[in-house]
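I opened this notebook to record what I looked up in one structure. The entries follow the order in which I took up each topic.

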Amino acid sequence: MPQLNPEFFVSQLFWLAVFFTFLFVFLWRVSLPRIATVLEKRQNKIDENLSSAKELQEQAMEIEKKINDQINKAKLETDEKIKETINALQEDVSSQISSLDKDLEKKVSDAEKEILKSKDDQMKNINNEIVNITKLTVGKITDIELSDNELNKVIETQKGSFN
Amino acid sequence: MAAKDSPLKQFEIDPISNIELGGYNISFTNSSFAMLITVLVITLFLTLTVNTRTIIPSRMQLISELMYNFIAQLLSDTVGDNGKRYFPFVFSLFMFVLIGNMVGMVPYQFTFTSHIIVTFALAAVVFIGVTILGFVNHGIKFFTFFYIPGVPFYMHPLLIPIEVISYLSRPISLSVRLFANMLAGHTLLKVFAGFVVSMPFFTGVFPLAFIVALTGLEILIAFLQAYVFAILTCLYINDAYHLH
């Protein structure tokens, strides 16, 4: 078995020591730190991205909260404005209605007064007409001239029985 | 010296250039050449693939990172936080054995892990290092490692020698495991390769098919033995920190 031939033992050990030491030192000092740097860099990047994502999420939530607050505020404001407008309109309408009512009442009462006045006037005219017609008729039939006062007295007494 | 057609001929060492230093023969051999190739493959691969150091890795960079994470995970699982400082050593050991085994799978290439002197030297480095580490961490108390608590007192005269022997046989079991696996695998491949040539007519395809299947198995074993070598090293380091 060539493995048990001690002829090359020293050579084997020597070159093993040379190459393995070189490999160990090279990996220890050059290769492994490089790989470690890459892995660390990647981990840092991942952590960074995660933290910035978290931050952005928090910001987004804050903004959402703000938007909701403003929406609520705006809703309350509009509700109040609507109420105010409704109240103002109602007041306006009722005041206008009341002023119209007053106007109408005044007009009605004016009209009543006028009607009464014209009724009185008409009555006076009727009296005069009656006096004139009676005077004429009596004059034609009897040649008696009646004074206005006498006729008026008679008419006044007769009027009571008409009414 | 093995015969010309012996399946063990592949393990023979041929000097490429004869060198002598202080009376010792340190010739650069085919075994040394395989080690050189192994070291070149590892260093070039791990350097060139990570050269760009991009955050989003290329496929090759990903392989380097996977190997890094594989051994880092292994070490942190078995040893914990103490293990970090031994990472370069365990990683070098794993890569050296793994790529050494793989280089041996290339036809006509020499497998230096099939030489007991090489595997024993690696195991001895681990054993001596771990023993020194144990004494540095625990001082003279490290000897209590051989004392198993919770056992009836009359068992100790039996158990302590067993523990001592099992501790001392660690470098042997560690080195022989790797050496024997490589030796057996490559010998078996060579034996069946001989069948391919010597069998009559087309019947040689059957051992050839067997060789193909066996090559797949050998690649698996090459990885597995490197893994076993690394994980046992981790466990021994852990023992140097945590006594029973």
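**Entry 1: Two loop residues**

I began with B:Tyr108, which sits in the loop between helix 3 and helix 4 of chain B. The model I am reading is a predicted one. I looked up the backbone of B:Tyr108 and found a positive phi of about 70°, although the residue is not a glycine. Is B:Tyr108 buried or exposed? I counted 6 other C-beta atoms within 10 Å of B:Tyr108. A residue with 12 or fewer such neighbours counts as exposed, so B:Tyr108 is exposed.

I then turned to B:Phe201, in the loop between helix 6 (170-198) and helix 7 (205-241) of chain B. The phi of B:Phe201 is near 50°, again a positive value in a residue other than glycine. B:Phe201 has 6 C-beta neighbours inside 10 Å and therefore counts as exposed.

**Entry 2: The form of chain A**

I next asked which secondary structure elements chain A has. I found two helices and zero strands in chain A. The C-alpha atoms of chain A fill a box of roughly 195 × 25 × 20 Å along the principal axes. The radius of gyration of chain A is 63 Å, whereas a compact globule of 163 residues would have one near 15 Å. I also noted that 8% of the 163 residues of chain A count as buried.

**Entry 3: Where the chains touch**

I looked up the contact between the chains and recorded 35 residues of chain B against 31 residues of chain A. On the chain B side, the elements that give two or more residues are strand 3 (24-25), helix 1 (30-48), helix 2 (59-78), helix 3 (87-105) and helix 4 (116-138). Helix 1 of chain B gives the most to this side, with nine residues. By class, the chain B side divides into 22 nonpolar, ten polar and three charged residues.

**Entry 4: One crossing of helices**

I finally examined helix 1 (residues 9-142) of chain A together with helix 2 of chain B. Their axes come within 10 Å and cross at roughly 95°. Angles of 65 to 115 degrees count as roughly perpendicular, and therefore these two helices are roughly perpendicular to each other. Which residues make the contact? Helix 1 of chain A provides A:Ile35, A:Val38 and A:Leu39, and helix 2 of chain B provides B:Ser64, B:Glu65 and B:Tyr68.

Methods. Residues are numbered from 1 along each chain as its sequence is written. Chains are lettered from A and ligands numbered from 1 in the order in which they are written. This is a predicted model: local features need pLDDT of at least 70, side-chain atom pairs count only at pLDDT 80 or more; totals for chains, interfaces and linings use all residues. Two residues are in contact if their C-beta atoms, placed from the backbone, lie within 7 Å. Helices (H or I, at least four residues) and strands (E, at least two) are DSSP runs, numbered from the N terminus. Ala, Val, Leu, Ile, Met, Phe, Trp, Tyr, Cys and Pro count as nonpolar, Asp, Glu, Lys and Arg as charged, and the others, Gly among them, as polar. The radius of gyration is taken over C-alpha atoms; the globule rule is 2.2 Å times the number of residues to the power 0.38. A residue is buried if 20 or more other C-beta atoms lie within 10 Å of its own, exposed if 12 or fewer, and partly exposed in between; C-beta atoms are placed from the backbone. Axes are lines fitted to C-alpha atoms, for helices over the stretch in contact, and angles run from 0 to 180 degrees between N-to-C directions. Angles under 35 degrees count as roughly parallel, over 145 as roughly antiparallel, 65 to 115 as roughly perpendicular and the rest as oblique.
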